[in-house]
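Dear colleague,

Please find the structure below, together with its sequence. I would be grateful if you read the notes after it with the model open beside you.

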Amino acid sequence: MPTCKECIHFFPREENPETGDCVQRVVDPRQAYHKARPVGAEKDAAECASFEKK
Amino acid sequence: MAEPATLEDKKEKKIKAHEEKQEWWWIAEKRRSRRLDYLRKAVWKKGALGGNYAPGIKLDLEGPTLFTDMWKRNHTDPIMLRRAKALAHLLDNIPIFITDKAQLVGYMGSLPHTLAWRVDGASIVNEEAYNEPGIHEEPEAESLKTVAELNAYWAGQTAIDKVARILDPEDAVKFLSGAIGWGAPTSAYGYSAKNYEYFMTGERAFEDIIDEIDANIEKAEEKTIGTPGPDILPLYDRIHNWEAMKIVLEAGIRYANRYARLARIVAESFESDPKRKEELLRLAETCERVPAKTPRNLQESLQYDFFVQIISRHEAHEGAWPSRPDYYHGPYYDKDVNIEKNITREEALDLIGEFMIRTYEVGGFGPRWAREGLQGITGTWVWTIGGVKPDGSDACNDMTIALMHAARLVRVANPTLSFRWHPKVSDEVMREIFECNRQGLGYPNLRNDPILVANAMHWHGHPIEEARLWMNQACLSPCPPTKHGQQPMRMASATANCAKIVEYALHNGYDHVVSMQMGPKTGDARKFTDFEQLFEAWVKQMEWIFNTLVRTVNLGRFKDPEFFGRPFLSAISERSVESGLDIVSPVGDRGNSWITAFTFVENIDSLAAVKKLVFDDRKYTMDQLITALEANWEGYEEMRLDFVKGAPKWGNDEDYVDDIMLRCLRECARHSKVIKDPSGNNWPILPENVSGNIHYANIVNALPNGRRLGDALYDGGISPGPGLDKKGPTAVLKSCAKIDHVTHGRAFLLNQRLSPTQLAGEKGYQLWKAYVKTWADLGIDHIQFNVVSDETLYAAQRDPEKYSEVIVRVAGYSAHFVDISRKTQDNIIQRTVQGLG
Amino acid sequence: MKCTECGHEAESGSFRYLYNARIDASVSLRQCPSCQEWLAVDELKSEVRQKVRPGEAPWGKSAGIEGLAEDV
């Protein structure tokens, strides 16, 4: 089962690599931005549509 | 051979052509920087268009879900602590974003197109959120399932649910009926003034406040394990409150650090442009500095302020934005631009312009009645500039001018600016105010500072040094940002639909629109034989409406610390950090309440018409009048026109009707000192409307001023009815000047419409300046201008896409003309265009 | 009263009253119950004047000095 830590969008925290942020670039009809959401490194990414293996 | 025109020449030529056609929005696009242009166009507008949200706007579910999950887990905690933990969990986990080219960050929802949703405010609003078409993220079925689950959990538990259960049932039904009042008696909604003098002067930031709280907890805990007695008993709850305040401050610091981390990740892993990398690293440093520590420069100062506003908005809805940006950020502007020359003026304008744009994009989900009363916007972000310092000297600075310059570049409908005029304002500043108005922004409005300082001292007993610090709490009412002056809740949720006063006086307290006995029975008006009987009935209905609304809001305020709780607002408020009490507790609050009086002038024109045509001229009987009103004037058009044209109307300097205005205001002022707020202070009235004149069009019945059920009411405050001010602008001012703007009420909104062609050039400025001098000399407290031609407005109706950037002053706020309903548009077009000079 | 768009004829009261933006004018907007068009109605004569489209001004110009040009 793939986990978040295997994904290119996952950025672990230095002080605690078990946690990190999922960072993605979004271009919506009005603006472009980078978004971040906290995730656990071991989180199951099987159902994640944005998963991209490193 | 002539030199070929440079690009700059060509640009200036185009700008001149736009100026001739008064197309200020195209000029703004050409003059502003690429960054501001991008950010301005990047905004997802949250204001409803004629009551409906724009396509693509979606309800944020991340925030409510995170909040609710943590709320459920801590069900044994006292409310402040429970809210603090839920808010901290939200701040730690809600998705965040950094827009391309941005130098400031923070947002009320999760993504730029999302609308924040206050899930714990009111079940009736939550039901509207479920039923609102078009705002649920795809797949819609899944979103609706989440909304339904959240609604099911919160049903019966929201702040309004709790208040409604303990209200007198009759008060509850009548307050919530929508016929007489407009507001919610809870700090979940409404807005709060902030204690800027505590956290925004550079003396302290979040870490310093945490130290103060720690010291207070330590002192309290020594006592709670000391000698028992009644004096230590309150400390147990206060320790919990302090802990709650500390939790949210620490969460606020972490929230900012999340942005710092994201900025570094983007700089290191995504961004290839070296200049943008540098900006992102500077943004990261900014977010690592504030709000933990005090700002050192303009960017940090603006970011600090913005974080406070955003965190506040994750805690409660916050439908206004009291702020005095030139006063508090001016010193940093001065340091950066003038003294240390760290940034150029253009770079400062980029920051200030972005600060306004970030503010513009903020908005939360509102119920339909709120959207109809605030068409085109999500709240009244009225920023106060100018004025004086506590010692009475001029407070204008370079930031005052920069804000107005930035406003002309970014042309947002929100925030708007409200200028505190005083006799020592420089010509340079006056020209900036003029230029903003001439270019059709509808702001800054002008506030007569000496009058309003005296007003604040008269009604609420604010000491002069505090009164001089005032800022608009929402559209119009001054509020000091001080320890005891700050007001943490919208007491003006006692907003009265005043046209109902005269309506009920004419119909024995019965409301034919909602079909129920609303007001007291003050007599069958058909049997009134003189004007005094009608006026006596008017006074009784006025007292009844005000009493009902004020009772409800007082109770809501009193119970709010138990029913809602505001740990973050408390944490940035001196009297809470000192006392350990929720800031919304009335203890230590001097009081700054007012009743927003919607639809006030209809009373005056109606009473004058009845007095003249029924009792003085005896042209009609009361029986004939009541019959015609009950028929909604249908079949009585000639009589209706007689009641419009055959009786004097407010705004024409005619004592016959102006004396009635004074009489009504004196009665309201008298009663304002009888009804008290939870601090024991007064409740003066403040006539103004937002776009309540449109919202109430189908709720206020036919009246003797000639309106029918369905017509928009007047645009509010003490503005004459559209087209009814026939004797020129000075006559309007003279009518308004008969009012005592210190003792008759809290403040009085006055809309004026001026001609753009007349205001062109230096001659136009001199005309306007002379008019403003007359206004000031007459002691009137407020004035605001629409400077836009009929031609432009009709063109905008025909071709809204081409004119999407036209801004109009609606009432206590501005909006893009194309975002307001057709009825509102027609109402604005019909406002009399005054000629100056 | 007769609708100028679809010819529907009925009591003026049956044409849904929308609003009158100029209280001192006897022109109001009503809606034809048959074709739903917005119509400008002369209330004194109970007569439909015209269909009203966005940007049209059944009440004429706003009161005041609009249109006067000053030398700059």
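Predicted model: local features only at pLDDT ≥ 70, side-chain atom pairs only at ≥ 80, totals over all residues.

Residues are numbered from 1 along each chain as its sequence is written, and chains are lettered from A and ligands numbered from 1 in the order in which they are written.

In the contact between the chains, 15 residues of chain A touch 21 residues of chain B (contact: C-beta atoms, placed from the backbone, within 7 Å). On the chain A side, β2 (19-27) and β3 (32-40) of chain A each give two or more residues, and β3(A) supplies the largest share, seven residues. Helices (H or I, at least four residues) and strands (E, at least two) are DSSP runs, numbered from the N terminus. Four bridges join β3(A) to strand β2 (residues 96-99) of chain B, and the two run antiparallel (strands pair if DSSP finds at least two bridges between them). Within this pairing, A:H34 stands opposite B:I98.

The helix is α32 (residues 761-777) of chain B. Its buried residues are B:G764, B:W768, B:Y771, B:W775 and B:A776 (buried: 20 or more other C-beta atoms within 10 Å of its own; exposed: 12 or fewer; C-beta atoms are placed from the backbone). On the other side of α32(B), B:E762, B:A770, B:K773 and B:D777 are exposed. Just after α32(B), B:G779 takes a positive phi of about 75°.

With kind regards

Conventions. Expected span 1.5 Å × (residues − 1). Contact = placed C-beta atoms within 7 Å.
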